Amino acid sequence: TAVAFLYSANPPIQVGVAPGAIEEERPAVLRGRITDRLGVPLRGVHVSVLAHPEFGYTTTRADGWFDMVVNGGGELVVDYSLPGFIPIQRSIETRWKDYIIIPEAILIPFDTAVSTIDLTGPGIQVARGTVSTDADGARQPTLLFAPGTTALVHLPNGASASVETLHVRATEFTVGASGPRAMPAGLPETSGYTYAAELSIDEAIVEGATSVEFSQPVYAYLENFIGAPVGTGVPSGFYDRAQGVWVASRTGRVISVGSETAGGSGL
């Protein structure tokens with residue numbers, strides 16, 4: 001009864017809780033705060049729990065804080081989203097009849113730099129994000145689309161649509177001291193914090209797509225700002241928001257550009 005007002009008041013602070021969803025012996029209150037990179041509280045952030053629609057949702061207040069009741073006892077993945085910002089998730093352990101404070105998180109907007117990619121055009125198509133600079137140095141994410149590449153946008157209803165013109169953005173999470181709090185999710189214990197960026201396509205976001213599938217690899221290039229030796233393998237992966245887990249992908253490689261000509265580079 002001490003926390004039921006959050007979802008039973010009129011109007012409720014926590015909206016859409018299914019009748020009987022919160023078990024009397026297991027309530028737990030999640031508390032958290034969301035800001036932007038400058039530390040300014042973000043109001044109206046949509047907060048829900050992955051794979052638990054019965055808990056409904058809430059939104060952050062003017063001070064960036066929120067409170068949400070769930071059933072405690074186990075791990076939950078909390079979703080944060082706000083139009084114009086990149087959604088993130090946080091995995092937490094919950095306990096019965098307890099308050100759980102989630103570490104403060106940061107939402108960042110999509111990069112303002114957008115590259116138009118015409119997949120029907122000749123030659124390699126290049127998309128670049130904004131240059132990031134901090135104590136580790138400067139870097140600029142670059143994507144290379146090979147000639148003949150096609151793209152399929154997969155929609156939530158199971159349908160797919162072919163797209164020939166893409167508006168691509170590359171938004172870095174790992175900038176400055178606030179980088180760890182802006183990450184799309186906490187890293188696995190076996191991974192170290194180095195570099196992460198959101199590679200997004202405007203057309204897919206507008207359609208609420210679940211994924212974009214390319215007919216051949218799209219290569220990502222980044223300056224070696226951490227000074228790793230040439231030839232070093234670069235473990236890489238992506239965050240699957242639908243499952244709430246990190247997924248390993250093909251390992252990259254540190255290369256050296258030995259020479260440049262009008263037609264290309266020697267490695």
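**Strand pairing and salt bridges**

Author: An open sheet is built from three antiparallel strands in the order β15-β14-β18, where strands are DSSP runs (E, at least two residues) numbered from the N terminus, and two of them pair if DSSP finds at least two bridges between them. Its edges are β15 (160–163) and β18 (211–214), each of which pairs on one side only. Neighbouring strands here are turned by 30 degrees against each other on average, direction ignored, with axes fitted as lines to C-alpha atoms and angles running from 0 to 180 degrees between N-to-C directions.

This is a predicted model, in which local features need pLDDT of at least 70 and side-chain atom pairs count only at pLDDT 80 or more, while totals for chains, interfaces and linings use all residues. Residues are numbered from 1 along each chain as its sequence is written, and side-chain values use heavy atoms, leaving out hydrogens and water.

Within the sheet, β14 (residues 151–154) is paired with β15 in the antiparallel sense over four bridges, and His154 has Ser160 of β15 as its bridge partner.

Turning to charge, the structure holds 13 salt bridges, each being a side-chain nitrogen of Lys or Arg within 4 Å of a carboxyl oxygen of Asp or Glu. One of them joins Asp67 to Arg31, with 2.5 Å between the closest N and O atoms; because Asp67 lies in β4 (residues 65–71) and Arg31 in β1 (residues 27–35), this pair ties together parts 36 residues apart in sequence. Asp67, at 11% relative accessibility, is buried, and Arg31, at 28%, is partly exposed; buried means under 20% relative accessible area, exposed over 50%, and partly exposed in between (1.4 Å probe, protein chains only).

Arg128 and Glu223 also meet in a salt bridge, at 3.5 Å from N to O. Arg128 is partly exposed at 35% relative accessibility, and Glu223 is partly exposed at 27%.

A further salt bridge connects Glu198 with Arg241, whose closest N and O atoms are 3.0 Å apart; Glu198 belongs to strand β17 (residues 197–201), while Arg241 sits in the loop between β20 and β21 (245–253), 43 residues apart. Glu198 counts as buried at 14% relative accessibility, whereas Arg241, at 24%, is partly exposed.
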